[in-house]
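Student: I am new to this structure. Please take me through one part of it closely, step by step.

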Amino acid sequence: MIDTIIYGGSFNPPTIAHILSIRYCINELQPKRFLILPTKTPPHKPSDGISDALRLEMICHTFEEMEGVEVCSVEYHMEEPSYTYKTMEILHDTYGKIHFLMGMDSYNTFAQWVKPDRILQFADILVLNRGGIKREDHSLLKSYSEKFVFLDNPVFELSSTEVRNMCKEGKDIHYFVLDSTRNFINSHKLWRRDV
């Protein structure tokens with residue numbers, strides 16, 4: 001049994017693909033807890049029209065109704081830059097054995113992350129299939145093969161960028177995000193060009 005799954009990302013906004021991937025993991029892996037770990041916007045990336053505080057509010061609003069899912073804002077309280085290895089150490093100290101969930105795209109670049117071996121000291125890695133992205137094994141898999149689990153999940157392809165672009169174009173995002181997320185986006189007029 002898995003105690004804790006950590007799913008990190010910008011979730012800007014959380015899409016139905018995020019929700020379905022989470023539901024798949026909960027149904028198949030039955031963790032005791034599932035934590036959503038919103039990352040702060042790095043200084044070198046544009047905010048895309050939404051503050052970190054408002055994005056965190058949207059993420060909390062989205063996941064508050066999902067049973068067994070909690071939002072963990074630990075990175076919002078860390079000194080910048082908040083590297084993943086530092087976050088995993090804090091979460092490991094808090095929750096014990098943890099599993100860090102990432103997509104195949106992140107797995108393929110994982111060896112280039114800052115101190116990936118330190119991440120593997122604190123967490124096992126669960127890897128979600130992503131449509132059109134082939135697995136590219138790296139030296140870390142050879143050294144830490146027992147730390148990686150490749151999931152046989154259905155692929156739900158929808159990016160947050162696509163949803164933001166739909167908002168910018170004035171298109172309806174119903175069914176692309178949860179109703180609570182859509183209501184939050186509409187009430188705050190996020191990513192609309194006509195505002």
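This is a predicted model: local features need pLDDT of at least 70, side-chain atom pairs count only at pLDDT 80 or more; totals for chains, interfaces and linings use all residues.

Tutor: The side chains of T62 and T181 are joined by a polar contact of 2.7 Å. T62 sits in helix 2, which spans residues 52-63. Its relative accessibility is 2%. The cut-off for buried is under 20%, so T62 counts as buried. What does T62 touch beyond its neighbours within four places in sequence? Its contacts there are P14, I19, L178, S180 and T181.

Two of those names lead on to helices. Helix 1 covers residues 16-29, and helix 8 covers 179-187. Both pack against the buried residues of helix 7. So which residues of helix 7 are buried? Helix 7 runs over residues 160-168, and its buried residues are S160, V163, R164, M166 and C167. They cover an arc of only 155° around the axis, so they lie on the same side of helix 7. An α-helix has 3.6 residues a turn, so residues three or four places apart point the same way.

Now follow the chain past the end of helix 7. G170 comes after the helix, and its phi is positive, near 75°. G170 belongs to the loop between helix 7 and helix 8. Is G170 buried or exposed? Its relative accessibility is 64%. Exposed means over 50%, so G170 counts as exposed. For a sense of distance, take I2. The C-alpha atoms of G170 and I2 are separated by 42 Å, and the two residues are 168 apart along the chain.

Stay in that loop for Y175. Y175 also lies between helix 7 and helix 8. Its phi is positive too, near 75°, and Y175 is not a glycine. That deserves a remark. Most residues other than glycine have a negative phi, and most peptide bonds are trans. At 66% relative accessibility, Y175 counts as exposed.

Next comes a pocket. The second largest pocket has a volume of about 160 Å³. Its lining has 13 residues. Which of them lie nearest its centre? They are C167, G170, K171, N186 and R192. Helix 7 and helix 8 each give at least two residues to the lining. The largest share, 3 residues, is from helix 8. By class, the lining has 7 charged, 4 nonpolar and 2 polar residues.

Finish with the loop between strand 1 and helix 1. Strand 1 spans residues 4-9, and P13 is in the loop between strand 1 and helix 1. The peptide bond from N12 to P13 is cis, with omega near 0°. F11 is in the loop between strand 1 and helix 1 as well. F11 has a positive phi of about 45°, yet it is not a glycine. Is F11 buried or exposed? At 2% relative accessibility, F11 counts as buried.

Helix 7 packs its buried residues against helix 1 and helix 8. T62, in helix 2, makes its 2.7 Å polar contact with T181.

Definitions and conventions
Residues are numbered from 1 along each chain as its sequence is written. Side-chain values use heavy atoms; hydrogens and water are left out. Buried means under 20% relative accessible area, exposed over 50%, partly exposed in between (1.4 Å probe, protein chains only). Helices (H or I, at least four residues) and strands (E, at least two) are DSSP runs, numbered from the N terminus. The arc is that of the directions from the helix axis to the C-beta atoms. Contact means heavy atoms within 4.5 Å. On a 1 Å grid over the protein atoms alone, a cavity is a set of points where a 1.4 Å probe fits but cannot get out, and a pocket is an open set with protein on both sides within 12 Å along at least five of seven lines; lining residues have an atom within 4 Å of a point. Grid points are joined across faces, edges and corners, and a volume is the space filled by probe spheres set on the points. Ala, Val, Leu, Ile, Met, Phe, Trp, Tyr, Cys and Pro count as nonpolar, Asp, Glu, Lys and Arg as charged, and the others, Gly among them, as polar. A polar contact is a pair of N or O atoms within 3.5 Å; within protein, one must be able to donate a hydrogen and the other to accept it, and residues adjacent in sequence count only if both atoms are side-chain atoms.
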